[in-house]
Amino acid sequence: MAVFEVFTQHVSYRYKTTLCSKATIVFAICTALATFVPLIISYRSIGFWLKSDTYQEQPDIKFTHDYLLLLQTDIPHNSIQCRAQFTLTDNFQRHCLFKTREEDTNHDGKVDFINVNIQVPLLQNESVYSVTLILTIDFQISSIVQLKMKSLVPFQHVGALPGAGLSAVADLKFTQKKPVDYRITESLFRTTLLQPDNSLQDLFITYSQRNYSTGLTNLYKVWDLGRDLDKAFFIKLRISVPECLIVYRPGFWQVIKWAWMQYLSIFIVIYRFLQVVQEYVFSNQLVPTFKFVPWKTL
């Protein structure tokens with residue numbers, strides 16, 4: 001009949017000694033090395049404490065229907081202004097046809113595309129050379145960190161020759177100067193950003209100083225040259241809202257978990273090595289100990 005092994009059990013020898021002995025000193029040194037050497041190695045190797053982490057999330061974007069459009073013509077100091085809050089104090093303000101359409105292509109409740117279509121009537125002696133368009137949006141992320149804010153989407157183009165219209169496609173980009181705090185709801189810049197009394201230069205200076213902002217990237221533009229006197233100047237902008245890379249400051253348990261895994265991975269190697277050292281020292285009686293054999297105690 002065939003015989004095969006079903007179970008193995010190791011024989012354990014016990015080594016005992018008095019409190020004040022060389023064996024106790026060896027044991028104390030090995031225990032201290034097994035505890036503190038992995039901590040020193042993992043800490044000195046940089047990255048022991050996780051100060052920031054990243055993840056990707058598609059923001060929830062809502063267009064607030066507040067905008068500012070500036071068209072620079074060939075007449076000096078005579079820019080055409082179009083804004084949602086129209087006032088009669090500025091002679092250069094003009095009504096325009098402003099249309100927006102939000103698309104949710106994957107039906108997840110978040111906007112994937114924002115389509116902007118603008119038509120500005122011009123006088124016969126007016127030619128447009130540059131376009132500045134600023135849109136205001138509500139920006140929100142909520143999966144790991146909580147951030148709600150009003151933000152701007154600036155868009156500019158300067159042409160060497162007068163044009164009849166501008167078409168562009170771009171991606172929305174989230175820019176941050178510091179990590180977002182974990183599980184702390186930040187509600188920032190909830191007031192109106194486009195103040196009628198602020199100049200465009202002051203607006204950009206103030207906006208550039210923010211820790212969190214939005215803009216456009218992967219921008220592709222087509223500037224239609226010429227001028228059709230019977231048609232209005234048009235602007236077509238399609239903004240895609242992809243997933244953004246969010247940098248955040250992790251919470252307490254995530255930091256502990258990250259540090260513990262680094263410490264444990266080094267501790268296993270150091271502990272196993274010191275176990276071999278102690279086995280050699282005690283089994284060869286390099287330091288005096290009392291050796292207890294299991295079958296002799298029965």
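This is a predicted model: local features need pLDDT of at least 70, side-chain atom pairs count only at pLDDT 80 or more; totals for chains, interfaces and linings use all residues.
**Aromatic pairs and overall form of the chain**

Trp260, Tyr263, Phe267 and Tyr271 form a cluster, joined by ring pairs. In total, the structure contains 14 aromatic pairs.

One of these pairs consists of Phe174 and Tyr212. Their ring centres are 6.3 Å apart. Their planes meet at 15 degrees, and planes under 30 degrees apart count as stacked, so this pair is stacked. The two residues come from distant parts of the chain. Phe174 sits in strand S8, which covers residues 147-176. Tyr212 belongs to strand S11, residues 212-225.

A second pair is made by Tyr182 and Tyr248. Here the ring centres are again 6.3 Å apart. The planes, however, stand at 35 degrees, so the pair is tilted. Tyr182 is found in the loop between strand S9 (180-181) and strand S10 (186-188). Tyr248 lies in strand S13, residues 244-249. The pair therefore ties together parts of the chain that are 66 residues apart in sequence. Tyr182 has a relative accessible area of 27% and is partly exposed. For Tyr248 the value is 4%; this falls under the 20% limit, so Tyr248 is buried.

Links across the sequence also show in the contacts of the whole chain. Among contacts with a separation of 6 or more, 79% join residues 24 or more positions apart. The secondary structure comprises three helices and 14 strands.

The overall dimensions were examined next. The chain has a radius of gyration of 35 Å, whereas a compact globule of 298 residues would have one near 19 Å. Along the principal axes, the C-alpha atoms fill a box of roughly 115 × 55 × 35 Å.

Of the 298 residues, 37% count as buried. The accessible surface of the chain amounts to about 18800 Å². Carbon and sulfur atoms supply 59% of that surface. The chain carries 29 positive and 24 negative charges. The mean position of the positive charges lies 15 Å from that of the negative charges.

Definitions and conventions: Residues are numbered from 1 along each chain as its sequence is written. Side-chain values use heavy atoms; hydrogens and water are left out. Helices (H or I, at least four residues) and strands (E, at least two) are DSSP runs, numbered from the N terminus. The radius of gyration is taken over C-alpha atoms; the globule rule is 2.2 Å times the number of residues to the power 0.38. Buried means under 20% relative accessible area, exposed over 50%, partly exposed in between (1.4 Å probe, protein chains only). Contact means heavy atoms within 4.5 Å. Accessible areas come from the Shrake-Rupley method with a 1.4 Å probe; for residues, only the protein chains shown count as cover. Lys and Arg count as positive and Asp and Glu as negative; His and the chain ends are not counted. The place of a charge is taken as NZ of Lys, CZ of Arg, CG of Asp or CD of Glu. Rings of Phe, Tyr and Trp (its six-membered ring) pair if their centres lie within 6.5 Å; planes under 30 degrees apart count as stacked, over 60 as edge-to-face and the rest as tilted.
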